[in-house]
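Subject: Structure handover and notes

Dear colleague,

Please find below the structure that I promised to pass on to you.

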Amino acid sequence: ESGHQAVATHVLRGKDNEQVACLGGDETLLIDAVADARSWQRRYALRHFSVNPDAPLERRDAVAVFQSLASEFGFDLQRCLIVEHQKPRARNAGFGQHWHLLVPEVDPLTGRVLSSSHSYLRQEKIARRAELRFGHKLTRGRHNTAVVAALEAEGRTAAAQQLEQEGLTDGPLPQAAYTSDQHQAAKREGLSLPQARAAVKAAWEASDSAQALTAALAEQGLGVAPGDKPGTWIITHSNGRVLGALHRFAGVRKAAVQHRMKGETHENPRTNEPATRR
């Protein structure tokens, strides 16, 4: 319903990117995709994939990942918009290049909608294969157990075994510090959640008490406050916005946060009943 303008502005004219290079397609493709979706009365017009490596990746290798996605989801890479962004990562962490792929959701001739069944699982499968292929650090994704099963079913036994040997199917599922929607909402307010997360992680690692953590966060314009649930602590911005849970931003277990904040009064804002964690 909103058309193509917002996503075009983000990928083609993003003001917070140092460099933008169009590797395939143009804005006309986005306009046509929206028109096709409306013509066939489909809900969505564009599928947005991205490749965001933490280690150096050649442009041709990023395109190879897109080719894997095209094969997996059944679209023609020649009918897609591919854009390369070059910008610094939060606190200079990771690789500064990433890529966007915008794919038409609707076939203009048949009205057929792009495959989306088990989308997250399939994307994680492509990501783990790419990490293995290019020698990057393997990511503990939420669907790695299913990814191993899918790789085995496809006959990629060696890849499945390597994921298991690296322990990616063991332990609790990872929890994201924030969602994509939260990230975009914060950006509209001029806030960077990746930078805030990096600042929280640095403050956590540099402190050994609740008081030291609070002081370190304050230097970055951040604060820590009780959450709705007893034992949960949240990160706040100086403008009053709640950014997320402390344990997720710091990348630690909730029990570690409770231990660090031991002795601090936790007042539930829903009931205003203070409870001291001990």
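Predicted model: local features only at pLDDT ≥ 70, side-chain atom pairs only at ≥ 80, totals over all residues.

Residues are numbered from 1 along each chain as its sequence is written, and side-chain values use heavy atoms, with hydrogens and water left out.

**The chain as a whole**

The protein chain has eleven helices and nine strands, where helices (H or I, at least four residues) and strands (E, at least two) are DSSP runs numbered from the N terminus. Of the 278 residues in the protein chain, 38% are buried; buried stands for under 20% relative accessible area, exposed for over 50% and partly exposed for what lies in between, with a 1.4 Å probe and protein chains only. The accessible surface of the protein chain comes to about 15,900 Å², and carbon and sulfur atoms hold 46% of this surface; accessible areas come from the Shrake-Rupley method with a 1.4 Å probe, and for residues only the protein chains shown count as cover. Among the contacts in the protein chain with a separation of 6 or more, 60% are between residues 24 or more positions apart, a contact being heavy atoms within 4.5 Å.

**Leu-29**

Leu-29 belongs to helix α2 (residues 27-39), and with a relative accessible area of 15% Leu-29 is buried. Leaving out residues up to four places away in sequence, Leu-29 touches Arg-79, Cys-80, Leu-81, Leu-102 and Pro-104. Pro-104 is 75 residues from Leu-29 along the chain, and their C-alpha atoms are separated by 8.1 Å.

**The aromatic rings**

A search of the whole structure finds two aromatic pairs; rings of Phe, Tyr and Trp (its six-membered ring) pair if their centres lie within 6.5 Å, and planes under 30 degrees apart count as stacked, over 60 as edge-to-face and the rest as tilted. Phe-49 and Phe-73 form a tilted pair, with 5.4 Å centre to centre and 45° between the planes. This pair links distant parts of the chain, since Phe-49 is in strand β2 (residues 46-51) and Phe-73 is in helix α3 (residues 59-73), 24 residues apart. Phe-49 is buried, with a relative accessible area of 2%, and Phe-73 also counts as buried at 2% relative accessibility. The rings of Phe-49 and Phe-75 have their centres 6.0 Å apart and their planes at 20°, so this pair is stacked. Phe-75 is buried as well, with a relative accessible area of 12%, and Phe-49, Phe-73 and Phe-75 form one aromatic cluster.

Two arginines lie over ring faces: Arg-122 over Phe-73, at 4.3 Å from the ring centre, and Arg-260 over Trp-204, at 3.8 Å from the ring centre. A charge sits over a ring if NZ of Lys or CZ of Arg is within 6 Å of the ring centre and within 35 degrees of the ring normal.

**The three-stranded sheet**

An open sheet of three strands has the order β5-β6-β7, with antiparallel pairing; two strands pair if DSSP finds at least two bridges between them. Its edge strands are β5 (222-226) and β7 (242-245), each of which pairs on one side only. The antiparallel pairing of β5 and β6 runs over five bridges, and Gly-223 has Thr-236 in β6 as its bridge partner. Helix α8 (residues 193-206) packs on the sheet, touching β5, β6 and β7, and its direction makes about 75° with that of β5; axes are lines fitted to C-alpha atoms, for helices over the stretch in contact, and angles run from 0 to 180 degrees between N-to-C directions. Helix α9 (residues 210-218) packs on the sheet too, touching β5 and β6, and its direction makes about 140° with that of β5. Thr-236, found in strand β6 (residues 233-237), is buried with a relative accessible area of 18%.

**Val-257**

Val-257 lies in helix α11 (residues 254-260) and is buried, with a relative accessible area of 2%. Not counting residues up to four places away in sequence, Val-257 touches Trp-204, Trp-233, Leu-246, His-247 and Val-252.
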